[in-house]
Amino acid sequence: MGPLLIGAILAGIIGALIGRNRKIGAGWAFVLCFFLGIIGLIITACSKKNETEFVDVNKND
């Protein structure tokens, strides 16, 4: 039981690190990877990345 729990927690942490820069978010990525393992990692990796919005400050309206 111990190694299984440690593996699930490590998968969740890795998923959270991947998901923090994606639309899914770190919390949901942790939950998915904790419960689903490699399938959760695939779902997290396939989630769209957050994109930075650039605003033109020199634009006069």
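Which helix does I43 lie in? I43 lies in helix α3, where helices (H or I, at least four residues) and strands (E, at least two) are DSSP runs, numbered from the N terminus. The views below show a predicted model, in which local features need pLDDT of at least 70, side-chain atom pairs count only at pLDDT 80 or more, and totals for chains, interfaces and linings use all residues. Residues are numbered from 1 along each chain as its sequence is written, and side-chain values use heavy atoms, with hydrogens and water left out.

**View 1. Packing of helix α1 on helix α2.** Helix α1 spans residues 2–19 and helix α2 residues 26–36. Two packed helices are described by the angle between their axes and the distance between the axes. Here α1 and α2 pack at about 150°, and their axes are 7 Å apart. Axes are lines fitted to C-alpha atoms, for helices over the stretch in contact, and angles run from 0 to 180 degrees between N-to-C directions. The crossing of α1 past α2 is right-handed (a crossing is left-handed if the near helix is turned anticlockwise from the far one by less than a right angle, and right-handed if clockwise). On the α1 side the contact is made by L5, A8, I9, A11, G12, I13, G15, A16 and G19, and on the α2 side by A26, A29, F30, C33 and F34; contact means heavy atoms within 4.5 Å. Sorted by class, the α1 contact with α2 has eleven nonpolar, three polar and no charged residues. Ala, Val, Leu, Ile, Met, Phe, Trp, Tyr, Cys and Pro count as nonpolar, Asp, Glu, Lys and Arg as charged, and the others, Gly among them, as polar.

**View 2. The aromatic cluster of F30, F34 and F35.** These three residues form one aromatic cluster, and the structure holds two aromatic pairs. Rings of Phe, Tyr and Trp (its six-membered ring) pair if their centres lie within 6.5 Å; planes under 30 degrees apart count as stacked, over 60 as edge-to-face and the rest as tilted. The ring centres of F30 and F34 are 5.9 Å apart with planes at 20°, so this pair is stacked. F30 and F34 are separated by about one helical turn because they are four residues apart in helix α2. F34 also pairs with F35, edge-to-face, at 5.0 Å centre to centre and 90° between the planes. F30 is partly exposed at a relative accessible area of 30%, F34 is partly exposed at 24%, and F35 is exposed at 63%. Buried means under 20% relative accessible area, exposed over 50%, and partly exposed in between (1.4 Å probe, protein chains only).

**View 3. Surroundings of G19 and T44.** G19 belongs to helix α1 and is buried, at 0% relative accessibility. Leaving out residues up to four places away in sequence, G19 touches I24, G25, A26, A29 and T44. T44 is in helix α3, residues 38–46, and is likewise buried, with a relative accessible area of 0%. With residues up to four places away in sequence not counted, T44 touches G15, I18, G19, R22, I24, A29 and C33.

View 4. I43 is partly exposed, at 38% relative accessibility. Its contacts, not counting residues up to four places away in sequence, are I24, L32 and L36. I43 and G19 are 24 residues apart along the chain, and their C-alpha atoms are separated by 9.7 Å.

**View 5. N50 in the segment after α3.** N50 lies in the segment that follows α3 and is partly exposed, with a relative accessible area of 46%. N50 and R22 are 28 residues apart in sequence and 5.1 Å apart in space, C-alpha to C-alpha. N50 touches R20, N21, R22 and K23, not counting residues up to four places away in sequence.

View 6. A disulfide is a covalent bond between the sulfur atoms of two cysteines. The structure holds zero disulfides, a disulfide being assigned to a pair of cysteine sulfur atoms within 2.5 Å. C33 is in no disulfide. The sulfur of C46 is 11 Å from the closest cysteine sulfur, in C33, which is too far for a bond. C33 is buried, with a relative accessible area of 1%, whereas C46 is exposed, at 62% relative accessibility.
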